[in-house]
Structures are given as structure tokens and as C-alpha cells.
Amino acid sequence: MMLEIHDEPGTPGSGTPASGASASDTPASGAPGPGAPRTGRLDRLRLHHAAYPVTSAAALFAVLAAVRVAGAFTFVVMVLSVALSAAVLLVLPRADWAAAGVRRFPLLPAVLGTALVAVVYGQTFLATRDAFGDGDDNWTTWMPRLFEGMVPGAPWADVVAMVLALGVLVPLVEEVCYRGVLYRAVEVRWGGYAAVVTTAAGWAAVHVGDYGLNPFNLKVLCGLLPSVFLMGLALGVLRAVTGSALACAAAQGVCNLLLLGAAAAWL
């Protein structure tokens, strides 16, 4: 399957670097020249991201990863990591959101892609069960526990929060960040294949902030990282086919709830 770059005509950053220039360091057209009017911090951030998308994306990911991992030990930081992931969209002007995947998607490819993602989720779930059993060494058994006791004395509220977070909020924020802004930054320089693999690897890495660090469990980490990486590859293929991070958000939400239900059924 060819992974095509879905782009909008005339979007900044869609050109290729000049011959002999470094792909990751060559400024895209539209970067400010001498004598340009002074701009605010957000404008300067956007100009830098347009000029050096890969460098900017790497810096953004480093911050997100550090905060996400720290969230394993502090609930407030965990919430902050979600907010920061959503804020990544601000590095793009509104006119560039569609090129970054914040756009409507064709229904049939999205449905077929969601089915692919569901198959990958299911296979990784069964593989981790075979390898690590159904106890504390299996990362999927920790999913229903993430929201336990969030609302003291109201277990039903924990369930509602879990469904809304894993089915809607987290998928939307993560996909706009990873299969949206960061995917696009890699895609315009190195192509669709690199974008799929790179974002899948980064997405897998930040999940150690959710599972395996607090309490520390090496077996959980060994099961988590390849599982989420494979899930990320499937979501990346969906992004490449549909051109939409929103399609990925819908697929992740559906598959998160299926995985959550399967994990809860085994407890």
C-alpha cells in the first residue's frame, strides 16, 4: 500500500528542500526575512515550526514525553500532559489544520481502517495474555484501574469518567497531537512511511507514563511498548489512507473501549 501525503493546495511547508540543503534544517518558504515586522511569541513559534518542522516537532515531543512520564507519579501532571498535547495544535495557524489532519474523512476507508486497528488491538491483547497472563504483569489489566477512586464514594462516576476519557477525550487529544501535528511535521520532510513509524514509536514511548513505572514493573513495560507500537502503526496507516487525524481519533476511541471491556472481563 502506498502511503500518500494528503495535503491542501498552497499549505505552508509542503515544498521540498532545495538541492544540497539539510531536510530537517532547511527553512520552508514563508519564513520571515530581514526587516519583517515584529511578531508575538505565538507567531514566532508558528514561524519557527513552519521553517524547521522536524526540529520543532522533536522539541515538542521531548516536552510532552517528559510531562507524560512525570504524570505517572502525580495526577496533576497527568492532567497537564493531556492539556499540553491539545495545545500542540497552536503551533499551526488555523489555515494549516486541515493539512495536519484536522479535517473530515471519507467514511468507508475510515470504517475499514478502524477494523484494521481493532484487529491489531485484539491480537496484541491476546498476545500479552499468552505472554504475561492475566495478573499484574500484564499492562492491559491496569487499564480499568486508572480511574479507580477518582470520585470517592461514587464508583459509577469512575466508570463514566473512564469511558469519556478513553473513548473521547484522550483519543482526540492524542491523535490531533501525534497523528496530526507531529505526523505532518515528519511527513513533509521524510514522507508518509517515516511519519507512520516515527509517530508510532513516540506514541508508544509516552505510554510508559501510564503503565509500568508506578509501581515499576519491567514485564508490564515489555508488554506495553511493542503492543502500543503496533497499535500506533495501524493508526498511522489509517492516517495515511484517510488524511485525517480525526478518523484516527474515532478509531482509537472505539478500540480503547473494546480493549477496556476485554480487560475488565478478564479481571
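In the protein chain, residues 24 or more positions apart account for 75% of the contacts (heavy atoms within 4.5 Å) that have a separation of 6 or more. The model is predicted, so local features need pLDDT of at least 70 and side-chain atom pairs count only at pLDDT 80 or more, while totals for chains, interfaces and linings use all residues. Residues are numbered from 1 along each chain as its sequence is written, and side-chain values use heavy atoms, with hydrogens and water left out.

The protein chain holds eight helices and zero strands, where helices (H or I, at least four residues) and strands (E, at least two) are DSSP runs numbered from the N terminus. Of its 267 residues, 44% count as buried, a word that stands for under 20% relative accessible area, with a 1.4 Å probe and protein chains only.

The largest nonpolar core has 45 residues; such a core is a set of buried Ala, Val, Leu, Ile, Met, Phe, Trp, Tyr and Cys residues joined through side-chain atoms within 4.5 Å. At least two of its residues come from each of helix 2 (53–70), helix 4 (107–132), helix 5 (155–190), helix 6 (192–206), helix 7 (218–242) and helix 8 (245–266), and helix 5 gives the largest share, nine residues. Tyr-121 and Trp-139 have the most contacts inside this core. Leaving aside residues up to four places away in sequence, Tyr-121 touches Trp-203, Met-231, Leu-235, Gln-252, Cys-255, Asn-256 and Leu-259.

Terms used: Buried < 20%, exposed > 50% of the residue type's maximum accessible area, 1.4 Å probe, protein only.
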